[in-house]
Amino acid sequence: MAKEMSVGINSFVLLLLLISENQATITEAPTPQPQQSSNHSMHGITEGSLQPHECSPKCTTRCSKTQYRKPCMFFCQKCCAKCLCVPPGTYGNKQFCPCYNNWKTKRGGPKCP
């Protein structure tokens, strides 16, 4: 009888320790802070945030400084139609739109400008 009571008390103490440890983990977790973006509006930058008719003006901005404007516009609009986003600026920043960034040519190069 004493042995059964000892096992019961040990189990109860272990349960209390687990609960208190779990509570400490929950209460100590920091609250997530919103990410501050740069001067760009997130509309059109994040994947799926554009409507198909909004692709042309975004691609015009994206391709404005290239000497290969016609192919840039063709592929930008193709990528925008699939991903519904265009990275901000005229070059780079593809991390804002993973679909746009990860679409590759048959040779493994980037498909989207």
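User: What pLDDT does the protein chain average?
Analyst: The protein chain averages a pLDDT of 76, and 58% of the residues score at least 70, where pLDDT is the predictor's confidence in each residue, from 0 to 100. This is a predicted model, in which local features need pLDDT of at least 70 and side-chain atom pairs count only at pLDDT 80 or more, while totals for chains, interfaces and linings use all residues. Residues are numbered from 1 along each chain as its sequence is written, and side-chain values use heavy atoms, with hydrogens and water left out.

User: And where is the pLDDT below 50?
Analyst: Over residues 33-40 the pLDDT is below 50, and beyond near neighbours in sequence this stretch has three contacts in the model, a contact being heavy atoms within 4.5 Å. Where pLDDT is low, the predicted coordinates should not be read in detail.

User: OK, how many helices and strands are there?
Analyst: The protein chain has four helices and zero strands, taken as DSSP runs numbered from the N terminus (helices H or I, at least four residues; strands E, at least two). Of the contacts with a separation of 6 or more, 52% are accounted for by residues 24 or more positions apart.

User: Which residues touch the most other members in the largest nonpolar core?
Analyst: In that core of 16 residues they are C59, C76, C80, C83, V86 and Y100. A nonpolar core here is a set of buried Ala, Val, Leu, Ile, Met, Phe, Trp, Tyr and Cys residues joined through side-chain atoms within 4.5 Å, and buried means under 20% relative accessible area, with exposed over 50% and partly exposed in between (1.4 Å probe, protein chains only).

User: Which elements give two or more residues to it?
Analyst: Those are α2 (55-62), α3 (69-83) and α4 (98-102), and the largest share, six residues, comes from α3.

User: What does C76 touch?
Analyst: Leaving out residues up to four places away in sequence, C76 touches C59, R62, C63, V86, Y100 and P113.

User: Switching topic, how many aromatic pairs does the count come to?
Analyst: The count comes to one aromatic pair. The rings of F74 and F75 have their centres 5.0 Å apart and their planes at 85°, so the pair is edge-to-face; the rule is that rings of Phe, Tyr and Trp (its six-membered ring) pair if their centres lie within 6.5 Å, with planes under 30 degrees apart counted as stacked, over 60 as edge-to-face and the rest as tilted. F74 is partly exposed at a relative accessible area of 48%, and F75 is partly exposed at 31%.

User: What lies over the face of W103?
Analyst: K82 does, at 4.2 Å from the ring centre, and the charged end of K111 also sits over the ring of W103, 5.4 Å from its centre. A charge sits over a ring if NZ of Lys or CZ of Arg is within 6 Å of the ring centre and within 35 degrees of the ring normal.

User: What about phi of L84?
Analyst: Phi of L84 is near 55°, a positive value in a residue other than glycine, and L84 has its place in that loop between α3 and α4. N93, found in the loop between α3 and α4, has a positive phi of about 60° although it is not a glycine. L84 is partly exposed, with a relative accessible area of 23%, and N93 counts as partly exposed at 29%.
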